[in-house]
Amino acid sequence: MQYMPVVVDAEYLSDYKIKLTFDNGEKRIADCWKWLHGEVFEPLKDKQYFQRFFVDGWSISWPNGADIAPETLYEEGEII
């Protein structure tokens with residue numbers, strides 16, 4: 001991958017879907033449910049907790065330290 005994406009904005013949509021804006025201006029929708037495996041992601045299965053995500057300067061993170069790599073969000077997100 002030539003382009004190294006950086007998340008600059010994130011907006012909760014529904015369920016486990018987040019609308020992401022990247023530093024190149026592209027917008028994508030990421031359905032994060034498929035990545036919620038393992039101990040650090042277990043709290044995110046609670047939708048109220050899931051919605052506590054924030055943009056951490058390069059991707060999205062949660063208060064418990066969970067994050068998803070921006071290149072994963074970019075490559076697997078649905079282009080809008």
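Let's start with an open sheet of three strands, ordered β4-β5-β6 and paired in the antiparallel sense. Because β4 (54–55) and β6 (67–68) stand at the edges with a single partner strand each, one side of each has no neighbour in the sheet. Strands here are DSSP runs of E with at least two residues, and helices are runs of H or I with at least four, numbered from the N terminus. Two strands pair if DSSP finds at least two bridges between them.

This is a predicted model, in which local features need pLDDT of at least 70 and side-chain atom pairs count only at pLDDT 80 or more, while totals for chains, interfaces and linings use all residues. Residues are numbered from 1 along each chain as its sequence is written, and side-chain values use heavy atoms, without hydrogens and water.

| Pair | Bridges | Facing residues |
|---|---|---|
| β4 and β5 (residues 60–61) | two bridges | Phe54 and Ser61 |
| β1 and β2 | six bridges | Ala10 and Leu20 |

The hairpin of β1 and β2 has two residues between the strands, and Asp15 takes a positive phi near 45° there.

Now to the inside. The largest nonpolar core has 21 residues, and Ile18, Leu20 and Ile60 are among those with the most contacts inside it. Such a core joins buried Ala, Val, Leu, Ile, Met, Phe, Trp, Tyr and Cys residues through side-chain atoms within 4.5 Å, where buried means under 20% relative accessible area (1.4 Å probe, protein chains only). β2 gives the most to this core, with three residues. Beyond its neighbours within four places in sequence, Ile60 is in contact (heavy atoms within 4.5 Å) with residues including Val7, Ala10, Phe53 and Leu73.

How values were computed
Buried < 20%, exposed > 50% of the residue type's maximum accessible area, 1.4 Å probe, protein only.
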